[in-house]
Amino acid sequence: MMTKKIFLFIFTITLSTLIGCTYSVHQVPLSDFRPYADAKSGKPIEARGSQFVVMGFAQETSYVENAYKQLQNQCTDGTVTGIAAKSYSEHGFFSWTNHIHMQGLCVQR
Amino acid sequence: MKFSFLGVLLVVLSGCVSLNSVSLTSVPADRSKRVAAASERFIFMGFNFDNDYVNSITSDLKTQCPNGTVSGVLTKSESINYFLFIFWKSRVSASGYCVPGKMASANDIIRKRKPTDDGSDPAPAETTEPAVQ
């Protein structure tokens with residue numbers, strides 16, 4: 001009986017360590033739509049970046065720049081407009097993952 | 001003893017970065033000239049009497065692009081927390097692209113609008129907008 005309880009305890013701790021049980025959205029900034037163009041004429045593109053943080057120890061936030069570069073690489077000869085960048089965190093046990101999800105419209109010249 | 005001292009020193013001096021906010025604007029097609037600016041302030045126990053250090057970023061970007069438009073600006077606001085959150089550093093950084101030429105102003109766009117027969121608000125006219133192309 002005792003062994004079962006210990007197993008259940010370890011299982012719960014392991015599960016909560018490995019998976020995010022809560023999410024929080026920090027902000028969703030939206031850029032302007034420029035140049036004026038029909039929304040249907042643009043190609044929707046998206047990029048993601050993330051960073052795993054244990055107990056707040058993080059030395060940089062370059063995952064944002066990486067996502068931004070990734071977005072630009074999908075639209076090499078056009079304008080990326082109407083960019084929505086959702087910044088959110090996925091919480092785990094004494095750890096969390098910061099995410100950024102950028103969505104935009106690639107409008108060709 | 002030496003190792004423990006080094007360990008403490010490392011903990012005190014290394015900062016943990018957290019991202020406060022991100023903002024961005026439309027990315028231009030012409031990304032040949034990159035511009036960047038950053039500003040930071042060291043804050044002890046929360047004593048901070050103004051946020052003027054942020055103002056220099058705009059002028060820095062303007063200086064790097066005197067005859068063009070800065071577009072595709074990615075702005076990050078970060079906090080670098082040092083030992084036990086007693087002191088920390090606030091950093092704001094912005095990077096974008098300098099596109100030669102002037103951007104069409106809102107007035108230019110309105111002037112280009114053609115009035116409709118029934119007096120209703122016309123749809124925006126197509127603009128070339130050379131700065132962001």
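**Notes on the two-chain model**

1. From the N terminus on, chain B runs α-β-β-α-β-β-α. That makes three helices and four strands. Keep in mind throughout that the model is predicted. Of the 133 residues of chain B, 21% count as buried.

2. The strands of chain B form an open sheet of four, in the order β1-β3-β4-β2, with antiparallel pairing. β1 and β2 of chain B stand at the edges; each has a single partner strand, so one side of each is left without a neighbour in the sheet. From one strand to the next, the twist averages 15 degrees. As background, strands of a sheet pair through backbone hydrogen bonds, either parallel or antiparallel.

3. Next, the pairing of β3(B) with β4(B). These two strands pair in the antiparallel sense over 12 bridges. One pair to check on screen is B:Asn81, whose bridge partner in β4(B) is B:Trp88.

4. A helix covers part of this sheet. α2(B) lies across β2, β3 and β4 of chain B. Relative to β2(B), the helix runs at about 160 degrees.

5. Is B:Gly72 buried or exposed? This glycine sits in strand β3 of chain B. B:Gly72 has 26 C-beta neighbours inside 10 Å, and 20 or more make a residue buried, so B:Gly72 counts as buried. Leaving aside neighbours within four places in sequence, B:Gly72 is in contact with B:Thr25, B:Ser26, B:Val27, B:Pro28, B:Gly96 and B:Tyr97. B:Ala94 is 22 residues from B:Gly72 in sequence, and their C-alpha atoms are 9.9 Å apart in space.

6. Chain A also shows antiparallel pairing around β4(A). Strand β2 of chain A, residues 43-54, pairs with β4(A) in the antiparallel sense over 12 bridges. β3(A) and β4(A) likewise pair in the antiparallel sense, over 12 bridges. A:Val54 has A:Ser95 as its bridge partner in β4(A). A:Tyr88 has A:His99 as its bridge partner in β4(A).

7. For context, most residues other than glycine have a negative phi.

8. B:Met45, not a glycine, has a positive phi of about 50 degrees. B:Met45 is found in the loop between β2 and α2 of chain B, the helix spanning 56-64. B:Met45 has 9 C-beta neighbours inside 10 Å and counts as exposed.

9. Now the contact between the chains. How many residues of chain A are in contact with chain B? There are 27, and they meet 23 residues of chain B. On chain A, α2 (63-73), β3 (78-91) and β4 (95-108) each supply at least two residues of the touching side. The largest share, seven residues, comes from β3(A). By type, this side of chain A divides into 11 nonpolar, 11 polar and five charged residues.

10. The largest nonpolar core has 27 residues. α2, β3 and β4 of chain A each supply at least two of its residues, as do β1 (16-24), β2 (34-44), β3 (68-81) and β4 (87-100) of chain B. β4(A) gives the most, with five residues. In soluble globular proteins, nonpolar side chains tend to be buried together.

11. Which residues have the most contacts inside this core? They are A:Ala67 and A:Met102. Not counting residues up to four places away in sequence, A:Met102 touches A:Glu46, A:Ala47, A:Ala67, A:Tyr68, A:Leu71, A:Ile83 and A:Ala85.

How values were computed:
Residues are numbered from 1 along each chain as its sequence is written. Chains are lettered from A and ligands numbered from 1 in the order in which they are written. This is a predicted model: local features need pLDDT of at least 70, side-chain atom pairs count only at pLDDT 80 or more; totals for chains, interfaces and linings use all residues. Two residues are in contact if their C-beta atoms, placed from the backbone, lie within 7 Å. Ala, Val, Leu, Ile, Met, Phe, Trp, Tyr, Cys and Pro count as nonpolar, Asp, Glu, Lys and Arg as charged, and the others, Gly among them, as polar. A nonpolar core is a set of buried Ala, Val, Leu, Ile, Met, Phe, Trp, Tyr and Cys residues joined through C-beta atoms within 7 Å. A residue is buried if 20 or more other C-beta atoms lie within 10 Å of its own, exposed if 12 or fewer, and partly exposed in between; C-beta atoms are placed from the backbone. Two strands pair if DSSP finds at least two bridges between them. Axes are lines fitted to C-alpha atoms, for helices over the stretch in contact, and angles run from 0 to 180 degrees between N-to-C directions.
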